[in-house]
Amino acid sequence: MKIATALCGCVILLSTPSSSSEAQPAPAGARIVVETTKGTFAFETYPADAPKTVAHVVDLVKRGFYDGQRVHRAIAGFVVQWGDPRSRDAAREADWGLGPDASSGEPVGVSEVTKKRRHTMGTVAMAHPGLPAAADSQIYVTLANRPDLNGKYAVIGHLVSGAEVPARLERGDVILRMYLEE
């Protein structure tokens, strides 16, 4: 059975005026390392663009929430996605990624979608069940430029190493662990 994710047209631009007329680069955020059965990759987060969402994901990483989960969505040329705690149980594969139990149970609660960050190859963003504020724990990495996703999902980071690894991931591959790079 295929489930299409509803898209919400809600857009909230998060910006603060700077003291100069030129835009200031956003400060670098935490780097999150993702070790998988197919290799390791890392992404840098964008806390200036999605502060609550990045803080939520960093908290989940620190708690070991993602450790041992499986990739539940892998579509060549599109995305690879994980973040459903039920994916640790192979017997529940038919449910992976679907419904309200496919999350930590603690949604971010705000929409931090912005048109500032584009869905280029290697973008890291948050999946949601139709409303951006309902995004919770499901993370995806784009495997190609995906302008059709721009302005619809909160972009929380971009790959900085191991960029070839996500494209090798398949449904059922294990996220061995995620941690903050020191």
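Guide: What follows begins with the model as a whole and then turns to the residue and its setting.

This is a predicted model, in which local features need pLDDT of at least 70, side-chain atom pairs count only at pLDDT 80 or more, and totals for chains, interfaces and linings use all residues. Residues are numbered from 1 along each chain as its sequence is written, and side-chain values use heavy atoms, with hydrogens and water left out.

The protein chain has two helices and eight strands, taken as DSSP runs (helices H or I, at least four residues; strands E, at least two) numbered from the N terminus. Their order along the sequence is β-β-α-β-β-β-β-β-α-β. Of the 182 residues, 44% are buried, where buried means under 20% relative accessible area, exposed over 50%, and partly exposed in between (1.4 Å probe, protein chains only).

The residue in question is E112, located in the loop between β4 (79-82) and β5 (123-126). E112 is buried but has no salt bridge, a salt bridge being a side-chain nitrogen of Lys or Arg within 4 Å of a carboxyl oxygen of Asp or Glu. The backbone nitrogen of K52, however, lies 3.1 Å from a polar atom of the E112 side chain. The side chains of E112 and T53 are joined by a polar contact of 2.6 Å, that is, a pair of N or O atoms within 3.5 Å; within protein, one must be able to donate a hydrogen and the other to accept it, and residues adjacent in sequence count only if both atoms are side-chain atoms.

As for the cores, the largest nonpolar core has 27 residues, of which Y66, W82 and M178 touch the most other members. Such a core is a set of buried Ala, Val, Leu, Ile, Met, Phe, Trp, Tyr and Cys residues joined through side-chain atoms within 4.5 Å. Its largest share, five residues, comes from α1.

Elsewhere, charged side chains do pair: the structure holds twelve salt bridges. One of them joins R86 and D84, with the closest N and O atoms 3.2 Å apart, and both residues are buried. Another joins E35 and R177 at 3.1 Å, linking strand β1 to strand β8 across 142 residues. R177 is partly exposed, with a relative accessible area of 37%.

How values were computed: Lys and Arg count as positive and Asp and Glu as negative; His and the chain ends are not counted.
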